[in-house]
Number of protein chains: 2
Amino acid sequence: MNSLANTPHRLSINQATIRAQCDMKQAVEEITRAGISGIATWRDKVHEIGLAQAARLIRDAELKVSGHCRGGMFCAADKDGIAQAREDNLRAVEEAAELGAGSLILVVGGMPPGSKDLSGARQQVLEGLADLLPVARAAGVKLSIEPLHPMYAADRACVNTIGQALDLCDAIDPDASGDIGVAVDVYHVWWDPELERQIARAGKARLHAFHVCDWLVPTQDMLLDRGMMGDGVIDIPKIRSWVEREGYDGPIEVEIFSERDWWRRPAAEVLETCKERFATVC
Amino acid sequence: MNSLANTPHRLSINQATIRAQCDMKQAVEEITRAGISGIATWRDKVHEIGLAQAARLIRDAELKVSGHCRGGMFCAADKDGIAQAREDNLRAVEEAAELGAGSLILVVGGMPPGSKDLSGARQQVLEGLADLLPVARAAGVKLSIEPLHPMYAADRACVNTIGQALDLCDAIDPDASGDIGVAVDVYHVWWDPELERQIARAGKARLHAFHVCDWLVPTQDMLLDRGMMGDGVIDIPKIRSWVEREGYDGPIEVEIFSERDWWRRPAAEVLETCKERFATVC
């Protein structure tokens with residue numbers, strides 16, 4: 001297994017990792033000060049400061065944008081809801097293009113409130129993706145479906161495995177252009193007995209992103225208790241070896257939601273820890 | 001979709017549903033008083049009163065035992081741990097036989113503390129199952145692998161989908177004798193995009209058990225916040241239709257861990273609610 005110690009340029013920090021500590025400007029400053037060359041942006045932080053200003057900050061700092069978080073949320077109870085989701089996704093594509101993001105990360109949405117129609121929600125996702133792909137293509141933005149852990153299937157994302165995401169890619173982009181693919185976040189997929197096989201199935205063209213953090217035992221909160229790499233049970237190097245076997249050589253993005261721990265520490269400390277763990281346990 | 005209102009004999013109560021309120025004797029009394037004809041037993045409750053006494057109570061009440069919970073936990077850090085697990089599973093098989101349980105429910109175990117070797121744990125499960133099957137067969141007890149939700153993959157069960165459980169069955173019992181099969185608990189598998197297909201793959205011989213409860217939104221605790229059928233997002237009748245299409249006509253077992261709600265109500269109220277929901281929303 002090759003170490004990442006010699007490729008610090010592959011480290012990217014998802015802004016969510018220091019979201020409690022930093023606004024957009026502070027995040028760019030802290031990441032730059034730490035000598036890290038990549039960032040993944042979040043829409044709410046971008047909106048706070050304004051798209052043009054966020055893009056300028058990132059360009060001036062010469063940061064690479066590994067992804068823009070997040071589009072998706074395609075599912076809705078009625079046509080108005082679908083139309084609103086569409087409008088919002090068009091804006092997200094524009095933002096990703098303006099920010100120079102490698103891809104727009106898609107959290108596809110769960111069932112509308114009150115619904116038990118999981119297959120219906122999945123059909124809405126398929127239709128929403130098919131509708132969005134030509135727009136994204138024209139804007140030069142890749143669409144990256146991020147399967148979320150099955151514990152989010154009801155209310156956040158009804159796409160829960162790499163295999164399921166690839167089925168969607170096959171349906172929408174049968175020639176595997178790579179314009180639509182998957183974001184592999186170890187937190188969401190580490191448990192999947194099909195993982196190695198589905199990563200191989202994805203291949204380089206559809207492997208758009210690789211996100212790392214760790215699964216803590218016990219996990220105290222279903223949403224906001226992700227661990228720093230090395231503090232949990234995920235064999236990150238093994239999963240990385242599978243994506244790299246397919247030729248993935250892009251950013252390795254740290255995305256940690258941690259209300260009880262990392263969001264309470266100074267951003268500089270969090271980033272130093274990310275760098276150290278990136279070089280030693282990823 | 002056929003209603004269950006006309007087949008009340010199919011309702012079985014997993015003892016965990018009233019575990020906070022009732023010891024073994026009380027559980028049998030409450031279930032009998034509610035006019036319910038099935039129970040699934042838990043080992044700790046059986047041990048409290050003693051196996052012979054528990055079996056006598058159940059026989060005297062003429063309750064059918066839909067399953068005995070639980071064997072498994074095959075994974076360990078060393079040979080001593082493996083040997084202990086084996087001994088414990090041998091006792092569990094004996095108990096299931098003595099109780100007249102339809103099957104021994106297996107929660108297979110997660111990774112030993114400190115381990116990140118998920119595939120190693122899964123290999124230990126395969127070996128443990130292969131070792132136990134002839135013993136169970138000789139005792140006339142079926143082994144039922146219960147895939148748990150992926151959120152338990154680290155510390156409770158590294159078998160997380162029906163497909164994965166069936167792969168184990170194929171490896172150990174290629175002739176599909178039915179002596180080893182799966183327990184389908186909607187709470188654990190409702191999200192699985194492969195669910196319908198894997199239930200069809202299982203077929204009648206390997207569909208050993210069908211457990212119901214519901215997935216609440218939001219879920220407040222990863223272990224002890226299951227919902228009463230109808231209070232969450234799971235389309236239970238649809239999943240039931242899939243198992244019944246394969247010929248499953250066995251017990252429908254209610255298993256609810258609910259620290260904040262159902263464990264705080266009188267057992268009689270819980271059981272009446274189970275009966276009502278069984279007849280209307282399952």
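Copies are superposed by least squares on the C-alpha atoms of residues with pLDDT of at least 70 in both. The model is predicted: local features need pLDDT of at least 70, side-chain atom pairs count only at pLDDT 80 or more, and totals for chains, interfaces and linings use all residues. Residues are numbered from 1 along each chain as its sequence is written, with chains lettered from A and ligands numbered from 1 in the order in which they are written.

**View 1. Chains A and B and the relation between them.** Chain B is superposed on chain A by a rotation of 180° with 0.0 Å of shift along its axis, at an RMSD of 0.0 Å. This is the relation of a two-fold axis. Of the interface residues of chain B, 100% are also interface residues in chain A, so the copies meet through the same surface.

**View 2. The closed barrel of chain A.** Eight strands run β1-β2-β3-β4-β5-β6-β7-β8 with parallel pairing; helices (H or I, at least four residues) and strands (E, at least two) are DSSP runs, numbered from the N terminus. Two strands pair if DSSP finds at least two bridges between them. Neighbouring strands of this sheet are turned by 30° against each other on average, direction ignored. Strand β1 (residues 11-14) of chain A runs parallel to β2(A) and is joined to β2(A) by three bridges. Ile13(A) has Ile39(A) in β2(A) as its bridge partner. On the sheet packs α4(A), which touches β2, β3 and β4 of chain A and whose direction makes about 175° with that of β3(A). Helix α10 (residues 267-280) of chain A also packs on the sheet, touching β1 and β8 (252-254) of chain A, and its direction makes about 140° with that of β1(A). Axes are lines fitted to C-alpha atoms, for helices over the stretch in contact, and angles run from 0 to 180 degrees between N-to-C directions. Two residues are in contact if their C-beta atoms, placed from the backbone, lie within 7 Å.

**View 3. Strand β4 (residues 103-107) of chain A and its two partners.** Five of the five residues of β4(A) are buried, where buried means 20 or more other C-beta atoms within 10 Å of a residue's own, exposed 12 or fewer, and partly exposed in between, with C-beta atoms placed from the backbone. Ser103(A), Ile105(A) and Val107(A) point one way from the strand, and Leu104(A) and Leu106(A) the other way. With β3(A), the strand pairs in the parallel sense over four bridges, and His68(A) stands opposite Leu104(A). With strand β5 (residues 142-145) of chain A, β4(A) also pairs in the parallel sense over four bridges; here Leu104(A) stands opposite Leu143(A).

**View 4. Helix α3 (residues 51-60) of chain A.** Ala54(A), Ala55(A) and Ile58(A) are buried. Seen down the axis of α3(A), the buried residues fall within an arc of 95°, so they line one face of the helix; the arc is that of the directions from the helix axis to the C-beta atoms. These residues pack against α1, β2 (38-42), α2 (43-49), β3 (64-72) and α4 (79-99) of chain A. The face turned away from the buried side carries the exposed residues Ala52(A), Arg56(A) and Asp60(A). After α3(A) comes Glu62(A), whose phi is positive, near 60°.
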